[in-house]
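Please read them with the model open.

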Amino acid sequence: GSAFSKYEAVQVLDKTYLRRSFLKTAFALIHRDGRTTLAERRAIAELADVFGLSNLEFVELENEALSTGL
């Protein structure tokens, strides 16, 4: 097992739609248990920053993930 690298994720997920799908899935996973920790939100926020998403896009993706029931 190697550690997850957000910088490798940028290279692998080289299209905007792939990055957005990845983040929406991550939001779905952290919300699955009914609670979200600060550490979970920070981890996704760091990845969103590396992906070049704005704060507004971050919130929009989270809302999309929650509203679609992912």
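1. Under 35 degrees counts as roughly parallel, over 145 as roughly antiparallel, 65 to 115 as roughly perpendicular, and the rest as oblique. Axes are lines fitted to C-alpha atoms, for helices over the stretch in contact; angles run from 0 to 180 degrees between N-to-C directions. Helices are DSSP runs (H or I, at least four residues), numbered from the N terminus.

2. The model is predicted: local features need pLDDT of at least 70, side-chain atom pairs count only at pLDDT 80 or more, and totals for chains, interfaces and linings use all residues. Residues are numbered from 1 along each chain as its sequence is written, and side-chain values use heavy atoms, with hydrogens and water left out.

3. Which hand does the crossing of α2 and α4 have? The crossing of α2 and α4 is right-handed. A crossing is right-handed if the near helix is turned clockwise from the far one by less than a right angle, and left-handed if anticlockwise. From α2, the contact (heavy atoms within 4.5 Å) uses Arg-20, Leu-23, Lys-24, Phe-27 and His-31. From α4 come Glu-57, Phe-58, Leu-61, Glu-62, Glu-64, Ala-65 and Leu-66. By class, these residues are 6 nonpolar, 1 polar and 5 charged. Ala, Val, Leu, Ile, Met, Phe, Trp, Tyr, Cys and Pro count as nonpolar; Asp, Glu, Lys and Arg as charged; the others, Gly among them, as polar.

4. Look at Glu-64 in α4. Glu-64 is partly exposed, at 30% relative accessible area. The cut-offs are under 20% for buried and over 50% for exposed, with partly exposed in between (1.4 Å probe, protein chains only). Leaving aside neighbours within four places in sequence, Glu-64 contacts Arg-20 and Lys-24. Its C-alpha is 9.4 Å from that of Phe-27, 37 residues apart along the chain.

5. Glu-60 also belongs to α4. Glu-60 is partly exposed, with a relative accessible area of 36%. The C-alpha atoms of Glu-60 and Lys-24 are separated by 9.8 Å.

6. Now α2 against α3. The angle is about 175° and the axes are 11 Å apart. That makes α2 roughly antiparallel to α3. α2 supplies Arg-19, Phe-22, Leu-23, Ala-26, Phe-27 and Ile-30. α3 supplies Glu-40, Arg-41, Ile-44, Leu-47, Ala-48 and Phe-51. This contact has 9 nonpolar, no polar and 3 charged residues.

7. Which residues touch the most other members of the largest nonpolar core? They are Leu-23, Phe-27, Ile-44, Phe-51 and Leu-53, out of 14 residues. A nonpolar core is a set of buried Ala, Val, Leu, Ile, Met, Phe, Trp, Tyr and Cys residues joined through side-chain atoms within 4.5 Å. α2, α3 (38–51) and α4 each give two or more residues to this core. Beyond its neighbours within four places in sequence, Phe-51 is in contact with Ala-9, Val-10, Leu-13, Arg-19, Phe-22 and Leu-23.

8. Ala-45 sits in α3. Ala-45 is partly exposed, with a relative accessible area of 25%. The C-alpha atoms of Ala-45 and Val-59 are separated by 9.8 Å.
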